[in-house]
Amino acid sequence: MSQGPRSGLAAVSSALLAMSRHLEVRDVLKTIVASARELLDAQYAALGVPDDHGGFAQFVVDGVSDEQWRAIGPLPRQHGILAAMLHDAKPERLADVRKDPRFEGWPDAHPELADFLGLPIRDGDEVIGALFLANKLRPASAHPPHPEPQGGCGFTEEDEELLAILAQHAAIALTNARLYERSRELTIAEERSRLAHELHDAVSQKLFSLRLTAQAAAALVDRDPARAKGELHQVASLAAEAVDELRAAVVELRPAALDEDGLVATLRTQIQVLDRAHTAAVTFASNGVRALPASQEEALLRVAQEALHNALRHSGAARVDVSVERRGGGAVLRVTDDGSGFEPTAVHRVGRHLGLVSMRDRAAGVGGSLTVESAPGKGTTIEMEVPGG
């Protein structure tokens, strides 16, 4: 095997080891695609995981810049050569994909593909993905030059065999990653169920005592005001205990991704998903952010989620920019959209509808502040600052 500078068994081994190091599905997909492109000297590589609705649940590319990928638009559908690989479950090696009768075109911003090599990724009888490469690189000084079978296709039968090995191991890595994520989801679900049960018991007891004490105070208020006052003090104490129970439970239910990845990585991942799922361009940038107290990180994440929901669902924005940057010992979150905006003086009327009340409460609850700038037709900027620890 001679497939460029990283060739043969060593290159295959390197690719397989890279796949085995990742457990997150998205990371596994990226590693598979990058390994395949490098291993077979292709200009472009992609891997699609089909959904049950004629599209792709995930679609990862390598060799295309982020700007190009955004310009291409929505994820592809299962049609043409991609559909053939998924439905017929057989390899496709073509001299020019554009001349194949199944070719159905691509968006204007899509790069031009010519020679093409694709294989289904199978788990037993199930096709769980499609892996393909395009535009075999042919160095002018190659010795010997790459063979060009099938009327000029740069991908050889040897390339196909090598990609088949990679696809087999990709199926194992992808299945393992899915099992890992499913196991983690079940663990989180079980833990949340346990916490919900404990929360229900603890708070129910407090609220039951609070109700009885309030009833006692009401009965005593006319004939024994002093005792009624004492009962009311007990009501206040029980209410405070109930609030503490709720607050403790909320801390325990903190999003798992924050604990594992931190605020910046969690936001970046969620925004990448939103960018692919919506027609609006959603961007993320960070600068110098340090780890913050857990309560502040969760508040920033929740406010960002609420602001993004408003921008993408209600404002009609074509672009939403999210940033987090260090400010003093703390951080500032900024979510800006170019949507319809609103009149700030009407904020009390629209505030509850847009979640602004809860966002302000979250900011205040961690010692931070929230500001909203907007005007009809001028978009909206929501900024939240937290002090750090």
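# Exercises on strands, cores and buried polar residues

Arginine 93 has its place in strand β3 (residues 92-94). Helices (H or I, at least four residues) and strands (E, at least two) are DSSP runs, numbered from the N terminus. The model is a predicted one, in which local features need pLDDT of at least 70 and side-chain atom pairs count only at pLDDT 80 or more, while totals for chains, interfaces and linings use all residues. Residues are numbered from 1 along each chain as its sequence is written, and side-chain values use heavy atoms, with hydrogens and water left out.

## Exercise 1: Arginine 93

Determine whether arginine 93 is buried or exposed, and identify what its side chain reaches.

*Solution.* 

Step 1. The relative accessible area of arginine 93 is 15%, and the residue is therefore buried. Buried denotes under 20% relative accessible area, exposed over 50%, and partly exposed the range in between (1.4 Å probe, protein chains only).

Step 2. A polar contact is a pair of N or O atoms within 3.5 Å; within protein, one must be able to donate a hydrogen and the other to accept it, and residues adjacent in sequence count only if both atoms are side-chain atoms. The side chain of arginine 93 makes such a contact of 2.9 Å with the side chain of glutamate 160.

Step 3. At 3.3 Å, the arginine 93 side chain also reaches the backbone oxygen of phenylalanine 155.

## Exercise 2: Positive phi

Locate aspartate 41 and asparagine 135, and give the phi of aspartate 41 and of asparagine 135.

*Solution.* 

Step 1. Most residues other than glycine have a negative phi.

Step 2. Aspartate 41, not a glycine, has a positive phi of about 55°. This aspartate 41 lies in the loop between α2 and β1 and is buried at 14% relative accessible area.

Step 3. Asparagine 135, likewise not a glycine, has a positive phi of about 65°. Asparagine 135 belongs to strand β5 and is buried at 11%.

## Exercise 3: The nonpolar cores

Which residues of the largest nonpolar core touch the most other members?

*Solution.* 

Step 1. A nonpolar core is a set of buried Ala, Val, Leu, Ile, Met, Phe, Trp, Tyr and Cys residues joined through side-chain atoms within 4.5 Å.

Step 2. Among the 34 residues of the largest core, those touching the most other members are Leu263, Leu267, Val320, Val322, Leu333 and Met384.

Step 3. At least two core residues come from each of α8 (256-277), β6 (281-287), α9 (294-313), β7 (319-327), β8 (330-337), α11 (356-365) and β10 (380-386). Helix α9 supplies the largest share, nine residues.

Step 4. A second, separate core has 30 residues, including Leu39, Leu47, Leu117 and Leu166.

## Exercise 4: Threonine 283

Identify the residue whose side chain is joined to that of threonine 283 by a polar contact.

*Solution.* 

Step 1. Threonine 283 is in strand β6 and counts as buried at 17% relative accessibility.

Step 2. Not counting residues up to four places away in sequence, threonine 283 touches Ile271, Arg319, Val320, Asp321 and Val322. Contact means heavy atoms within 4.5 Å.
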